[in-house]
Amino acid sequence: MSGKIDQELFTTHEHALTHQACPECGNELTMRFGKRGPFLGCSQYPNCEFIQPLHQNDGHIVKHLGKPCPECNDELVLRQGRYGMFIGCLNYPTCHHIEPLEKKAEETHIACPSCHKGSLTERKSRYGKMFFACDQFPTCRFAVNHKPIMGRCQLCGYGLLIEKKLASGIKLQCADRKCHAYQDAVEPEHRESAE
């Protein structure tokens with residue numbers, strides 16, 4: 001098979017589309033090819049920069065939310081897009097307002113053991129993994145990958161523990177990277193009062 005692109009095939013496919021007029025300037029829309037695939041663009045580009053995706057199912061409406069768009073005051077709708085669900089304006093593509101469909105970050109109300117100014121907040125990495133970091137970032141870069149628990153390490157006295165889920169059950173561990181000691185079931189202050 002030859003690595004040469006059959007331009008005639010693309011031209012045939014382009015003619016199979018119903019030719020549409022550009023809604024901005026009235027000239028004809030033509031098929032163009034970008035890094036995300038084919039799309040319709042105005043034949044008068046760069047004078048007119050109108051583009052229209054060919055995949056009309058990308059971003060289709062799942063549910064009307066009955067809330068106004070903060071940019072154009074039209075209705076916000078829940079859409080199913082290429083990368084998952086999101087909230088967008090009903091007036092798309094005229095209005096490009098979108099909002100992520102994520103729960104609000106969990107406030108732990110646990111003081112940061114590093115800077116003692118901020119508190120630990122739930123965050124999500126670019127790969128979708130949850131972690132807890134100081135809300136004073138970038139001044140303080142303290143972060144842990146497991147749920148923080150108020151308490152003091154029984155071995156080194158560090159002021160934060162983390163909850164680890166192991167095959168043997170849930171264990172508490174020192175959050176200090178130099179220590180990481182697993183804790184006894186009963187914390188030292190509770191153990192003293194029990195004796």
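Q: Where is Pro-138 found?
A: Pro-138 is found in the loop between S10 and strand S11 (143–144). The model is predicted: local features need pLDDT of at least 70, side-chain atom pairs count only at pLDDT 80 or more, and totals for chains, interfaces and linings use all residues. Residues are numbered from 1 along each chain as its sequence is written, and side-chain values use heavy atoms, with hydrogens and water left out.

Q: What makes a segment a helix or a strand here?
A: Both are DSSP runs numbered from the N terminus: a helix is a run of H or I of at least four residues, and a strand is a run of E of at least two. The protein has two helices and 14 strands by this assignment.

Q: Which residues are joined by a cis peptide bond with omega about 10 degrees?
A: Phe-137 and Pro-138 are joined in this way. The bond from Tyr-45 to Pro-46 is also cis, with omega near 10 degrees, and Pro-46 lies in the loop between strand S2 (37–42) and strand S3 (51–53). In general, most peptide bonds are trans, and most residues other than glycine have a negative phi.

Q: Why is Asn-73 called exposed?
A: Relative accessible area under 20% is buried, over 50% is exposed, and values in between are partly exposed, with a 1.4 Å probe and protein chains only. Asn-73 is at 60% relative accessibility and therefore counts as exposed. The residue lies in the loop between strand S4 (60–68) and strand S5 (75–81), and its phi is positive, near 70 degrees.

Q: What makes His-116 exposed?
A: His-116 has a relative accessibility of 63% and therefore falls in the exposed class. This residue is found in the loop between strand S8 (107–111) and strand S9 (119–124), and its phi, near 60 degrees, is positive although the residue is not glycine.

Q: How does the sulfur of Cys-156 compare with the rule for a bond?
A: Its closest cysteine sulfur, in Cys-153, is 3.7 Å away, too far for a bond. Cys-156 is partly exposed, with a relative accessible area of 40%. The count of disulfides by this rule is zero.

Q: What makes a set of residues a nonpolar core?
A: The members must be buried Ala, Val, Leu, Ile, Met, Phe, Trp, Tyr and Cys residues joined through side-chain atoms within 4.5 Å. The largest such core has 16 residues, among which Leu-120, Phe-142, Tyr-158 and Leu-160 touch the most other members. Strand S10 (130–134) and strand S13 (161–166) are the elements that give two or more residues to this core. A second, separate core has seven residues, including Cys-22, Leu-29, Cys-42 and Phe-50. Across the protein, 27% of the 195 residues count as buried.

Q: Which residues are in contact with Phe-142, leaving aside its neighbours within four places in sequence?
A: Contact means heavy atoms within 4.5 Å. Those that meet this test include Cys-112, Pro-113, Leu-120, Phe-132, Tyr-158 and Leu-160.

Q: What makes S12 and S14 edge strands?
A: The open sheet of three strands has the order S12-S13-S14 with antiparallel pairing. Strand S12 (147–149) and strand S14 (169–174) each pair on one side only, and are the edges. The twist averages 40 degrees from one strand to the next, with axes taken as lines fitted to C-alpha atoms (for helices, over the stretch in contact) and angles run from 0 to 180 degrees between N-to-C directions.

Methods. Pairing = 2+ DSSP bridges. Disulfide = S-S within 2.5 Å.
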